[in-house]
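Hi,

Here's the structure I said I'd pass on.

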Amino acid sequence: MDHLLTIITFAPLVGMVLILLCPRDQHNLIRWLAAAATVPQIVIAIYLYAHFDTATTAVQFAERYPWVPAYHINYFIGVDGISISMVLLTALICFISVFASFGIEKGVKGYFALLLLLDTGMMGVFVALDFFLFYIFWEVMLLPMYFLIGIWGGPRREYAAIKFFLYTLLGSVLILLAMLGLYYYNPTPTFDMTKLAANAASYSITFQRIAWIALFIGFAIKIPAFPFHTWLPDAHVEAPTAISVILAGILLKMGTYGILRVNFGILPAATHDMAWAFLGVVGTINIVYGALCAMAQTDYKKLIAYSSVSHMGYVMLGLAAFTAAGINGAVLQMFNHGTITAMLFILVGVIYDRAHHREIDGFGGLASHLPIYAGITGLAFFAAMGLPGMSAFISEVLVLLGSWQVHPIMTVLGASAAILTAGYMLWTYQRIYLGPVNDRYIGFSDLSARELFTLVPLAAIVLILGVYPHAILGLLNTSLTHLNQVVIASAPHTASVALAH
Amino acid sequence: MENPVSVDFIRWIILLPLAGAAINLLLGPWIQRKLGKGAIALIGCGVVLAACAIAVSGFLQMVALPPGRRFMLDDLWVWMNVGGMKLDIAFWLDPLSMVMTLIVTGVGGVIHIYSTGYMHDDDSFWRFFGWLNLFTFAMLVLVLGDNLWLMFVGWEGVGLCSFALIGFWHKVLANTTAGNKAFIVNRVGDWAFVIALYTLYWGLSSVDHPTLVIREVAQWSHLLAGRPGYLGLSLVSFITLMMFIGATGKSAQIPLYVWLPDAMAGPTPVSALIHAATMVTAGIYMACRLNFLFSMAPDTMLVVATIGALTAFFAATIGIAQNDIKKVLAYSTVSQLGYMFTAVGVGAYAASVFHLMTHAFFKACLFLGAGSVIHAMGGEQDMRKMGGLRKRMPITFWTFLAATLAICGFPPFAGFMSKDEILLQAFARGHQLIWALTYAAAGLTSFYMFRQVYMTFFGEFRGTREQEHHLHESPLSMSSVLIVLGVLSVVGGGVMLPGYLADFKPLEDFLKPVFSSEFTRRLGEVPISHGSEIAFSALAVAMALAGWFVADLMYRRKVLNPETFAALFNGELYRVVLEKYYVDEIYQAVIVNPYLMLCRMAGWFDANIIDALVNLSALVVVYASWLSGLFDAYVVDGLVNLTSNVTLDFGGRVRRLQTGSINGYLYAILAGVMFILLVRAMLRV
Amino acid sequence: MQLDNVASLSHFIPELVLSGAIVLLILLDLIIVNRRVAGALAMAASVATLLLVIAGGASNTWLFNGMVVFDSFAFFFRLLITLATIVAVWMSIGSVEVRRCEQGEYYAILLSASLGMFLMAEANNLLMAYLSLELVSLTSYILTGFLKHNRRSQEAALKYLIYGGVASGTMIYGMSWIFGIAGGLDFGAINAALSQSGTGSSLAVFIALVLILAGMGYKVASVPFHMWAPDVYTGAPIPITTFLAVGSKAAGFALLTRFFYPAISHLAADGNWQALSGVDWPQLLLVICMITMTLGNLAALQQNNMKRLLAYSSIAQAGYALMGFVVLSNDGLRAMMFYLIAYYVMDAGAFLVVMIVANATGHEDIDAYRGLAWRGGLVPAVALAIFLFSLTGIPLTVGFIGKFYLFAAAIRGQFYILALVGIINSVISLYYYVRPIRTMFLDEPEGDEGAVTAEAWNYGLMGALAAATIVLGLYWGPLIDFAGRSLKFFIGPA
Amino acid sequence: MPGGLTLNHFLVLSLIVFALGLFCVMSRRNAIGILMGVELILNSANINYLAFALFGGGRYDGQVFSLFVIMLAAAEAVVGLAIVLAIYQDLRTIDVDATETLNG
């Protein structure tokens with residue numbers, strides 16, 4: 001029971017090895033192996049959820065073994081309030097995306113092997129507490145992603161894949177430099193994030209600022225924050241459904257998670273100075289600009305991609321507020337966006353599998369003969385619009401509530417995005433699902449059992465978290481509120497402490 | 001104030017409709033196939049009537065309590081508890097929410113019954129009742145939520161249901177467009193509303209009471225008095241103003257009323273329940289709910305009253321020119337809601353709630369009557385194709401007439417009591433101009449209502465032949481409901497009689513505890529002599545009669561020809577009114593189109609500037625590598641043919657990174673050595 | 001201690017074994033007809049050398065009256081060079097084009113080249129440095145031009161020869177100045193003399209250093225002495241290309257380090273190195289290093305021939321290794337040495353795959369790799385992907401660890417610009433390293449590319465190198481310690 | 001010293017020879033010519049060694065070095081000529097500009 005996190009991280013890797021041992025043509029065997037490999041994650045995730053101590057900010061379920069002692073590199077993993085929700089999300093999304101991939105017919109073996117490798121990489125990023133380990137996992141993720149987009153993607157897949165790869169690598173090498181800087185300018189050189197955070201005060205503010213920028217660019221590319229976001233639409237449009245699900249569901253969260261874990265945790269003083277401009281303003285731009293761009297799209301999937309850009313903006317805005325509501329809302333938004341956007345991409349995939357195109361104006365009247373599909377899509381759309389009673393509402397409200405007093409203008413703009421979102425979402429829904437029956441699509445079958453199986457759990461979570469967000473907030477609150485206090489306390493001028501309710 | 005009575009029946013009022021919605025929406029198709037529409041109807045109506053029954057029993061419990069203790073709380077679980085803001089899923093029953101609950105479940109219940117008949121031939125029967133139940137649920141959450149965020153859940157929830165039910169017949173694109181319009185316009189209001197909530201929260205937390213639980217807000221809001229807010233307004237003024245903007249969306253006031261007329265695209269029972277009786281009154285309810293805040297902000301109150309009166313008049317003028325039987329009623333609803341806001345604005349909350357209630361009765365009755373007519377006419381809604389229906393459908397006619405008399409404010413019908421109260425209060429509290437506007441609106445109301453009655457039920461039939469012999473009185477399920485509502489429109493005013501008849505105001509007394517904050521009380525009672533009260537009643541009745549008379553001359557006796565009036569200012573005026581002052585067109589041109597343009601620009605910018613920059617950076621690297629190749633070639637081969645090569649053959653040049661010439665290499669060493677010495681020299685200085 | 005010629009021999013056994021093998025091979029070529037034997041013998045000899053090197057360990061002594069020093073630094077490079085030799089021999093045995101050549105001569109010359117590299121790594125005297133360097137050069141010329149009637153090979157040889165001749169000529173001209181200024185050829189003597197003479201003739205010394213750099217720089221193929229590399233790498237038989245890229249580069253770095261660090265710098269109290277007064281070669285090499293990696297990468301972007309692409313990449317890689325060289329700290333040197341190991345593993349692997357494909361298809365162009373993964377060549381494709389990602393510096397590969405230590409040294413030495421240039425370069429490099437990968441995996445085969453058949457012999461080595469790339473990427477602790485421990489110079493007698 | 005020759009005379013001479021060699025290497029198109037240029041360079045170095053040895057005194061390092069240089073120059077010439085010959089057999093020319101097939 002004391003290696004849970006190792007298991008949850010490397011179970012998929014074991015699955016990958018097993019798959020590689022399978023004969024190439026045993027497609028179903030491979031598929032079910034992959035599915036089985038993600039089950040332990042779900043089980044352990046539930047166990048973690050049940051046994052997570054919400055009262056403490058300390059690292060839990062920690063494991064630490066020396067790796068390269070000469071360089072103070074440890075295999076140090078664990079979870080705390082900052083990462084637990086992301087661990088749960090990763091387990092869930094990966095489990096679902098495996099089933100969403102059952103339709104893959106080309107190179108099944110390679111596909112699922114890479115998918116599981118990706119899974120390990122992502123889970124590792126969220127459990128790693130040694131910066132070096134974190135970085136390894138962070139980069140490991142790139143390779144399978146490159147191949148998954150590049151081999152199983154759409155027509156312009158090569159462009160999209162290399163764009164994603166180059167862009168993200170550019171970001172991560174900056175992170176590497178910052179990491180080394182942190183290592184050497186710490187009084188006691190270490191990669192242990194907890195120790196680095198503990199010694200945060202020992203860094204000169206100038207160094208903090210430089211490192212902060214480097215780290216921010218690295219993470220912002222992943223989020224993706226304006227103006228580093230253009231790889232996202234391309235990657236999404238080309239990627240196969242399940243990969244889009246993972247991309248939007250988990251990968252984007254790594255950017256904001258990294259900012260929380262590293263920028264906030266280790267460089268609080270710089271965070272306090274810079275967040276306003278780099279998280280607040282940029283986040284607001286993301287929110288509004290993303291919504292505007294989404295309205296202009298004609299490709300269903302691209303539209304959803306831009307909506308992700310818009311919704312990730314809320315996370316950044318919430319982080320920039322330095323209020324308990326803001327930071328909690330931000331992380332909750334990370335979780336909610338993960339579930340909702342996963343639904344949306346699965347739903348796009350459903351219609352793409354049937355119609356083999358994604359031109360919004362090419363559809364119409366689908367609701368008439370695909371009622372279940374239209375119904376669940378409606379639910380997902382309204383969830384994405386932040387309709388009260390669904391999960392996203394809570395997080396967006398907390399974010400805006402948290403940032404109103406601090407950044408009124410930004411908040412007003414951010415809140416206005418609720419109108420814009422309703423605008424493009426409803427318009428899209430109308431053009432695709434409503435209106436006179438389109439006889440081109442008469443023959444289409446409604447959602448299959450497998451598709452339902454991938455969608456229903458997400459839908460259930462969206463609704464449950466709408467009326468009982470405490471299920472996640474309870475996990476976060478202690479750690480995040482503490483982290484927030486740390487940042488505020490590190491401010492040269494602690495004027496805004498009053499707002500730290 | 002004392003702790004509220006803790007009860008656990010309120011949750012059932014809410015959960016029953018939810019259960020009905022869940023069953024009908026998830027299992028509806030199956031039930032309908034296996035057990036038939038009867039089962040659907042049974043579930044749909046059953047849950048609402050059951051909720052109504054519970055509400056009634058709750059009402060009895062409440063009146064049993066002493067007036068000061070009539071507060072019930074049903075606390076379920078912690079919703080969110082972040083940053084000192086602890087919100088529960090909890091429901092709050094006080095006299096005000098009691099009245100609303102009774103209206104929602106009662107009127108809602110009968111409209112459910114009516115729908116069983118009206119929607120009987122529709123294949124999506126199950127979907128209709130599912131959404132109708134869900135609406136009831138959302139409306140009850142709005143009414144009963146004990147904190148403002150929970151109220152907001154209902155607030156947008158009803159918007160969702162309204163969206164879904166307006167576009168219920170989604171195969172017709174226009175219906176869905178109307179639904180989108182309704183939702184988006186409401187979102188505009190909601191945007192202001194949430195801003196108000198944020199401000200309120202921070203305001204209260206700055207006085208160390210971070211909360212949005214309504215009763216706690218009521219408890220501490222006085223601390224906000226005199227605090228500066230935004231836009232140069234005081235904090236409370238800003239908050240209440242934002243809230244009112246939200247209300248203008250929900251309750252279809254200027255400038256956000258435009259969605260309501262389009263909303264008539266939905267089935268008529270929907271128009272009756274959502275767009276007349278209940279949802280559209282949410283704004284008024286919210287204002288009354290938060291009266292302690294509004295009363296603190298006189299400038300907001302003035303805005304509310306003015307907007308209300310303007311809307312009342314403005315919508316009425318549009319109403320006189322409409323020919324669609326439902327559109328007329330829609331604008332009349334907008335107008336009547338204007339009355340209610342006027343009442344709120346002048347501080348007569350009780351009068352407002354009173355009118356809200358009576359309006360629920362007679363406007364529902366009118367809509368359902370219209371529905372019955374449309375049902376009989378086979379979907380025809382144009383009054384110019386109707387006429388003489390009173391013989392064919394007597395029940396519909398008589399109930400419709402009763403409701404008409406009520407809305408026009410003829411004694412002793414319900415509308416007379418409530419509308420008079422509002423006009424009286426407006427004048428008595430010194431808002432003569434507002435009084436004048438609403439008074440004029442009353443005349444217009446009576447004109448367009450009787451115009452409608454005459455065009456629909458009098459004269460000879462103007463429809464097609466098959467429509468004519470298809471004409472029939474609606475089935476019992478519908479007509480019975482008409483009778484019930486008709487009766488209520490007659491006697492509903494009895495709960496608050498004018499002072500000169502009798503000092504009998506049970507409603508006002510019942511609501512008093514809700515409107516007892518010191519600021520509200522300070523607005524308080526104004527002494528009105530019975531004499532003046534009688535005078536005002538007489539004036540009102542006279543105005544109503546005038547409207548009736550003109551309509552009578554025009555549309556029954558035909559001694560006056562409407563065309564002559566239409567032709568005034570060579571028809572321009574008439575056309576402008578007929579086209580609803582082109583407000584939709586103006587919004588389209590001023591807001592929607594520029595916005596779409598902006599979106600297209602953003603999309604273009606993203607694809608052609610931002611992304612281009614990204615690709616450009618890659619291009620720069622390639623170009624640099626070309627340059628480096630050029631540099632080599634330059635150093636290596638000397639200037640020989642350089643230019644010509646570059647210009648002639650770019651690609652070839654690029655690949656000539658390595659020239660084969662050995663001498664070239666040797667030059668390179670020399671150049672290298674020179675270069676190094678140069679660098680060294682530079683590093684030295 | 002300093003041993004005379006006879007006493008030295010006991011420490012010189014590996015070299016002696018090599019020499020013996022060389023003689024034996026030449027004789028063998030005269031009598032025996034069976035060609036296979038030569039390869040086997042060469043392999044046996046190099047393996048024996050490896051074992052003897054390991055057995056010999058490192059003992060700080062001067063051999064042959066101080067001509068050659070035998071310290072842990074030398075031990076490190078002996079090991080590395082032997083490994084390079086083994087790979088080269090192994091590949092030669094598996095290479096189709098080599099099979100057509102005179103086996104005896106070929107292996108004899110190959111081994112003499114590696115003997116020369118040994119001596120380069122051990123040289124403690126300008127004369128020995130020159131001799132060993134020339135030994136390596138001459139043999140390299142021959143090996144490069146070994147493919148008879150292969151025009152590219154011949155040309156490459158000629159260019160290599162002339163370029164090398166000029167470079168080494170320039171070098172000894174520079175050496176003559178050092179000799180004149182320092183009045184001695186032993187590194188120790190030079191060090192002593194320069195540290196006394198102070199700033200006196202720093203310009204002359206500097207010019208001399210630059211001229212010497214021409215000779216040594218061309219061995220490591222650093223800008224501006226890199227121009228030969230692409231042609232030679234492309235023209236030479238692939239095993240030789242590998243040997244030059246891995247072996248002689250390593251030897252070059254060994255000599256460079258030995259000359260620039262113990263000879264003309266001194267170890268300051270704080271554990272960092274300082275250039276002797278007035279001789280500011282560090283800035284110079286800093287600039288060279290940045291230009292080398294940048295130019296190499298930029299040029300590689302344009303290539304369509306795998307060997308040529310790898311040639312340019314190896315120039316860039318030399319630039320990375322120089323990062324460790326210019327930061328003037330033992331950290332840096334350790335990082336450089338570790339990177340040389342990493343580079344050995346991944347670059348040899350990459351060239352090996354190129355050879356496998358060339359054996360099968362007879363092509364070296366990237367087009368020959370189209371859809372390799374989908375036409376039976378999945379194993380070499382995956383291996384090549386691993387090697388290329390390692391060359392890029394993606395984690396889980398030894399290449400990343402190597403870069404990690406290089407950047408670490410740069411950051412620690414506060415060479416921020418250098419680090420920045422380094423990371424930008426690794427991003428740029430991804431672009432061309434990924435191109436073959438894209439061609440192999442993302443593109444569909446068009447059918448006209450031949451199948452890639454399996455040869456257990458080559459696959460064995462490929463698997464070993466790939467495994468090493470990954471394993472060392474996951475657990476490199478002992479290796480970096482070894483590099484650190486090997487960083488002990490035994491400075492020659494003053 | 002006969003004729004009052006100083007070290008500088010030798011150094012200048014060697015420098016001139018070095019420059020000449022370099023120039024020869026640069027200018028010649030003929031492989032043999034270039035090789036001869038290389039020889040010049042080597043010999044310029046030799047002059048230095050001997051001069052320094054002569055004036056610097058000390059051990060015979062300089063002379064030894066120059067001997068080795070002469071020897072290696074011979075070896076290099078051998079290898080070079082062999083390669084040149086091989087090419088000549090193929091191309092019937094030894095003009096280095098004919099060897100342009102290896103352009104990138």
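Predicted model: local features only at pLDDT ≥ 70, side-chain atom pairs only at ≥ 80, totals over all residues.

**How the chains meet**

There are 5 pairs of chains in contact, and the pair with the most contacts is A and B. On that interface, 44 residues of chain B meet 49 residues of chain A. If you want to find the chain B side on screen, the elements giving two or more residues to it are strands S2 (72-82) and S3 (85-93), plus helices H5 (148-166), H6 (173-206) and H27 (583-637). The top contributor there is H6(B), with 15 residues. By residue type, the chain B side splits into 27 nonpolar, 11 polar and 6 charged.

Chains A and D, on the other hand, do not touch: their nearest C-alpha atoms are 25 Å apart.

**The sheet in chain B**

- S1(B) and S2(B) run parallel and are joined by 2 bridges. B:Val5 has B:Met72 in S2(B) as its bridge partner.
- S2(B) and S3(B) are antiparallel, with 9 bridges between them. Here B:Asp75 sits opposite B:Ala90 of S3(B).

S2(B) and S3(B) form a hairpin with 2 residues between the strands, and B:Gly83 has a positive phi near 50 degrees in it.

Is S3(B) mostly buried or exposed? Of its 9 residues, 7 are buried, so the rest of the structure largely encloses this strand.

**Backbone geometry to check**

- A:Ile223 and A:Pro224 are joined by a cis peptide bond, with omega at about -10 degrees. A:Pro224 is in the loop between helices H9 (205-222) and H10 (231-238) of chain A.
- From B:Ile254 to B:Pro255 the peptide bond is also cis, and omega is near 5 degrees. You'll find B:Pro255 in the loop between H8 (235-250) and H9 (259-262) of chain B.
- B:Leu231 is not a glycine, yet its phi is positive at about 55 degrees. It is in the loop between H7 (214-220) and H8 of chain B. B:Leu231 counts as exposed because it has 8 C-beta neighbours inside 10 Å, and the cut-off for exposed is 12 or fewer.
- B:Tyr582, another residue other than glycine, has a positive phi near 55 degrees. It lies in the loop between H26 (572-578) and H27 of chain B. With 12 C-beta neighbours inside 10 Å, B:Tyr582 counts as exposed too.

**Chain D**

What does chain D contain in the way of helices and strands? It has 3 helices and 0 strands, which gives the pattern α-α-α along the sequence. The chain has 104 residues, and 38% of them count as buried. Among its contacts with a separation of 6 or more, 48% are between residues 24 or more positions apart.

Cheers

Terms used
Residues numbered from 1 in each chain as written. Chains lettered and ligands numbered in written order. Contact = placed C-beta atoms within 7 Å. Helix = DSSP H or I, 4+ residues; strand = E, 2+ residues; numbered from the N terminus. Nonpolar A, V, L, I, M, F, W, Y, C, P; charged D, E, K, R; others polar. Buried ≥ 20, exposed ≤ 12 C-beta atoms within 10 Å, placed from the backbone. Pairing = 2+ DSSP bridges.
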